[in-house]
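Hello,

Here is the structure I promised to pass on to you. Have a look at it first, and then read my notes below.

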Amino acid sequence: MQNLVKHTLYLFLWITGLTAAMTLAGIGYAWFSSEAKELPHLEWLIGSVIIEVVVVILMLAKKGMKYLPDTQTDKEPKDTLKFMEKFISMGTSATVVSNRVSWLVGDDKLISILQSKIESGTRIEIITPSAVPEVLREKLKGASFIITKEQVSPEARFTLVNGDRSGAEKLAIARGVHPDHEITIFDNNSGPQIIAMAKDIIRKSKELSNAA
């Protein structure tokens, strides 16, 4: 598929180049030749060059955009919680890696969404370095709480959905604090290597938890 797209782009570039060359040759002939007559089709050539350039730019932009991650900046904690509710609902599994879970304890709506996903067969994992409050364990029965017991809290904060479905993964990485809390969303087009590293962190965290 990628070869087909590449060859199509090359074809458009060749057509655009040839049309532009013909147009420039006609303009040069009309401009410099004293014997030149009116060229009735010159405006069509110029118009076609403009259209082809626009089409090529749009195609390249469309192809390139899918390799760029989506980003959003949240000014309020409630905006981040709304994003998490929507993001986790997109997958058949979700793994939340965070240096604390206090943000989750006070969000009954997100807890309700997580619990409904668990009841429908979705695998929910929460990886954190410190013990999880018992009230949260009671509200999220069926979720897996992975406690790494690390002395230094990790800086990584991310959520991976569809981690067990190769090619369908989506990864949301958070950084900063409100009102400049930024979330970057990757998929297998925009960040396959980053998703692979997130999976490695999850695997290592589980190994660390089992060893502790």
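Two strands count as paired if DSSP finds at least two bridges between them. Helices (H or I, at least four residues) and strands (E, at least two) are DSSP runs, numbered from the N terminus. Please keep in mind that this is a predicted model, where local features need pLDDT of at least 70 and side-chain atom pairs count only at pLDDT 80 or more, while totals for chains, interfaces and linings use all residues. Residues are numbered from 1 along each chain as its sequence is written, and side-chain values use heavy atoms, with hydrogens and water left out.

Let's begin with the strands. β2 (residues 93–97) and β3 run parallel and are joined by five bridges; V96 has I126 in β3 as its bridge partner. On to the next pairing: β3 (residues 123–128) is linked by four bridges to β4 (residues 144–147), again in parallel. Here I127 is partnered with I146 of β4. Between β3 and β4 the chain passes through helix α6 (residues 134–139), a β-α-β crossover that is right-handed (with the strands pointing away from the viewer, the path from the first strand over the helix to the second runs clockwise). T128 also stands opposite I147 in β4.

Why is β3 described as largely enclosed by the rest of the structure? Because five of its six residues are buried (under 20% relative accessible area; exposed is over 50% and partly exposed in between, with a 1.4 Å probe and protein chains only).

Next comes S205, in helix α7 (residues 192–211). S205 counts as buried because its relative accessibility is 11%. Apart from neighbours within four places in sequence, S205 is in contact (heavy atoms within 4.5 Å) with I127, I146 and T148.

V105 belongs to helix α4 (residues 102–105), and its 26% relative accessibility makes it partly exposed. Leaving out residues up to four places away in sequence, V105 touches I111, P133, V135, L136 and K139. The C-alpha atoms of V105 and V135 are 8.0 Å apart, although 30 residues separate the two along the chain.

Finally, a look at the surface. W14 sits in helix α1 (residues 2–32) and is exposed, at 62% relative accessible area.

I hope this helps you find your way around.

Best wishes
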